[in-house]
Amino acid sequence: FCPYPMKLLSPAISSLARMRFWRIEAWTKNPVDAQREVLQDLVTSAQYTEFGRKYNFSKLFSLREFKQAVPIHEYEDLKPYIQRIMEGEQNILWNTPIHWFAKSSGTTSDKSKYIPVSDESLEDCHFKAAKDVLTLYYNFNPDSDLLTGKGLVIGGSHTVHQINEETHYGDLSAVLLHNSPFWAHWIRTPELSIALMDEWESKIEKLAQNTIMENVTSISGVPTWTLVLFRRILEMTGKNSISEVWPNLELYIHGGVSFVPYKEQFEKLIGKNIHYLEMYNASEGFFKKKKKPDEEGM
């Protein structure tokens, strides 16, 4: 990897990110209109699916009509449809082919749930929300050098399982890594083969070995494993703090568990003040993030 392309690309990406801010302001100031527009787009797209025909999506033009026509569905209600999609049927719940399923921790009678992930879900929800995260970060940190370096990604289990020739499932991290746009690989570390490792003891060792020489400017991952990685890196390098290893580190992104019990340990091991940002990206979709780093809540 050559650092110079990122030195050139960073100002351009930063400018593009800032240009998106007016879009975010538009839907945050008009949330009801934004949600109505999204609902109508979804209903229009799915009107000729089996589910859409069942509930007459083609005749639904208002929130009131939708609520009257479509009962609340739990996962168990949708499970028969999802099973058929996993067996190869299409145009059941969505109007484009489904080739990926995110395996989610179960809160129903099943051990796990399988959430269909469409191309539109990836592009218009997960990846677009990630761009919004970057936009908001730059808006509140206009002098940031975030994209002059790399983002260290410490995910969970990344094993991908094949259902058939065209269809796979894995946890959300695996689905996102396998479908990331090409440019995302330029600004992320470690390489995909290490990021997809499933055995954590070996993975931490590989992560440490392959990232200590990188210019890491951001880290995202589960706090517990991130702390394990920090301590291993300090053992390997003999440094007193992570900021000596990665002097340009400026952001840690976390989610899924409360960060309160871990923050003091992070501050001590990192050895300098950085920004902390919480977000909630689930198998069902990207739900929320902190608008401003270091504030409470999302």
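Good morning. I begin with strand β7, residues 216-221, which is mostly covered, since 5 of its 6 residues are buried. Buried here means under 20% relative accessible area, exposed means over 50%, and partly exposed lies in between, with a 1.4 Å probe and protein chains only. Strands are DSSP runs of E with at least two residues, helices are runs of H or I with at least four, and both are numbered from the N terminus.

The model is a predicted one, in which local features need pLDDT of at least 70 and side-chain atom pairs count only at pLDDT 80 or more, while totals for chains, interfaces and linings use all residues. Residues are numbered from 1 along each chain as its sequence is written, and side-chain values use heavy atoms, with hydrogens and water left out.

Which strands pair with β7? Strand β3, residues 150-154, pairs with β7 in the parallel sense over 5 bridges; pairing requires that DSSP finds at least two bridges between two strands. Within that pairing, G151 has S218 of β7 as its bridge partner. Strand β8, residues 251-254, also pairs with β7 in the parallel sense, over 3 bridges.

I move on to the loop between β7 and α11 (223-237), where V222 is found. V222 counts as partly exposed because its relative accessibility is 34%. Together with W225 and V228, V222 forms a nonpolar patch on the surface, with about 210 Å² of accessible area.

The next topic is Q47, in the loop between α3 (31-45) and α4 (50-54). Is Q47 buried or exposed? Q47 counts as buried, because its relative accessibility is 18%. Its side chain reaches the backbone oxygen of T44 at 3.1 Å. Leaving aside neighbours within four places in sequence, Q47 is in contact (heavy atoms within 4.5 Å) with G52, R53, F57 and S58.

Finally, I turn to the backbone. Where is the cis peptide bond? The bond from T189 to P190 is cis, with omega near 5°, and P190 is found in the loop between β6 (188-189) and α9 (192-195).

Two asparagines deserve mention as well. N56, in the loop between α4 and α5 (63-69), has phi near 55°, a positive value in a residue other than glycine. N56 is partly exposed, with a relative accessible area of 43%. N91, in the loop between α6 (75-86) and β1 (100-105), has a positive phi near 60°. N91 counts as partly exposed, at 34% relative accessibility.

Conventions: Patches are made of residues with over 30% relative accessible area and no salt bridge: like charges are joined within 9 Å, nonpolar side chains (Val, Leu, Ile, Met, Phe, Trp, Tyr) within 5 Å. Accessible areas come from the Shrake-Rupley method with a 1.4 Å probe; for residues, only the protein chains shown count as cover. A salt bridge is a side-chain nitrogen of Lys or Arg within 4 Å of a carboxyl oxygen of Asp or Glu. A polar contact is a pair of N or O atoms within 3.5 Å; within protein, one must be able to donate a hydrogen and the other to accept it, and residues adjacent in sequence count only if both atoms are side-chain atoms.
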